[in-house]
Amino acid sequence: MTIQLPEKPNGSQYEDAVTAAIRALGYFTESRLILDTDGRTLLELDVVATPTRGDVSKKVLIEAKTKKTGFADIFKVFGWKTFLDIPKGLMARYEDLPLEDLKAFEGYEEKLKVYVKTFSLDNIDSFESVLPRQREVTEDILFILYRLGWYSATAERLCQKAFNEFKKNEANREQSAKISE
């Protein structure tokens, strides 16, 4: 099986790319976090980034969006980060915002501590105003770390999907064997 990174990633692929970029900048990342209570999902977080140098309490909650972003998304991240006591939030967007939206969001970024940044696949340091680098590496090494991380996350997702399909098929095969007995 050949693993190939997409030219234009969709939802989970984009989350993996964002996570890989943040990890390349030197952050410890926790992705696809689900907070539940009594079997009910309360929150599903894309990424929480923790600095690996300095004050580790300065975490950042990241929501990756490939589609339209609005104030409802920003206030969702604000609510989550407040509830979880995380100092900053970041909306990572795949496409640039219309200028009028960007100006409206910028007016609230410092007050809410939720920032909206466009993350393109060839400019991984676009987060640095919110997530300063935690390691000193050249741009070439940074890009290599990013691509390796993205390949790794993609491979992990593909393996998990194949394993889940295997379990499902095995359960169906066992069920069929019991019925035929």
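A residue is called buried when its relative accessible area is under 20%, exposed when that area is over 50%, and partly exposed in between, using a 1.4 Å probe and protein chains only. By that definition, Y14, E15, D16, A17, V18, T19, A20, A21, I22 and A24 of helix α1 are buried. The model is predicted, so local features need pLDDT of at least 70 and side-chain atom pairs count only at pLDDT 80 or more, while totals for chains, interfaces and linings use all residues. Residues are numbered from 1 along each chain as its sequence is written, and side-chain values use heavy atoms, with hydrogens and water left out.

**Overall build**

- The protein has 4 helices and 5 strands, taken as DSSP runs numbered from the N terminus (H or I of at least four residues for helices, E of at least two for strands).
- From the N terminus on, these elements follow the order α-β-β-β-α-β-α-β-α, and the C-alpha trace spans about 70 × 40 × 35 Å along its principal axes.
- Of the 181 residues in the protein, 36% are buried.

**Helix α1**

- Because 10 of its 14 residues are buried, α1 is largely enclosed by the rest of the structure.
- The expected span of a helix is 1.5 Å times one less than its number of residues; for α1 this should give 20 Å, and its end C-alpha atoms are 20 Å apart, which agrees.
- Just after α1, G26 takes a positive phi of about 110°.

**Nonpolar cores**

- A nonpolar core is a set of buried Ala, Val, Leu, Ile, Met, Phe, Trp, Tyr and Cys residues joined through side-chain atoms within 4.5 Å.
- The largest such core has 27 residues, and those with the most contacts inside it are V18, I62, F119, F127, L131 and Y146.
- At least two residues of this core come from each of α1 (11–24), β2 (40–51), β3 (60–65), β4 (88–93) and α4 (139–180), and α1 gives the most, with 7 residues.
- Apart from this core lies another, of 14 residues, among them L61, I86, F105 and V116.
- Contact means heavy atoms within 4.5 Å, and I62, leaving aside its neighbours within four places in sequence, is in contact with V18, I22, D46, V47, A49, L90 and A92.

- D73 is found in helix α2, which covers residues 71–84, and D73 counts as buried because its relative accessibility is 14%.
- Not counting residues up to four places away in sequence, D73 touches K65, K68 and M91.
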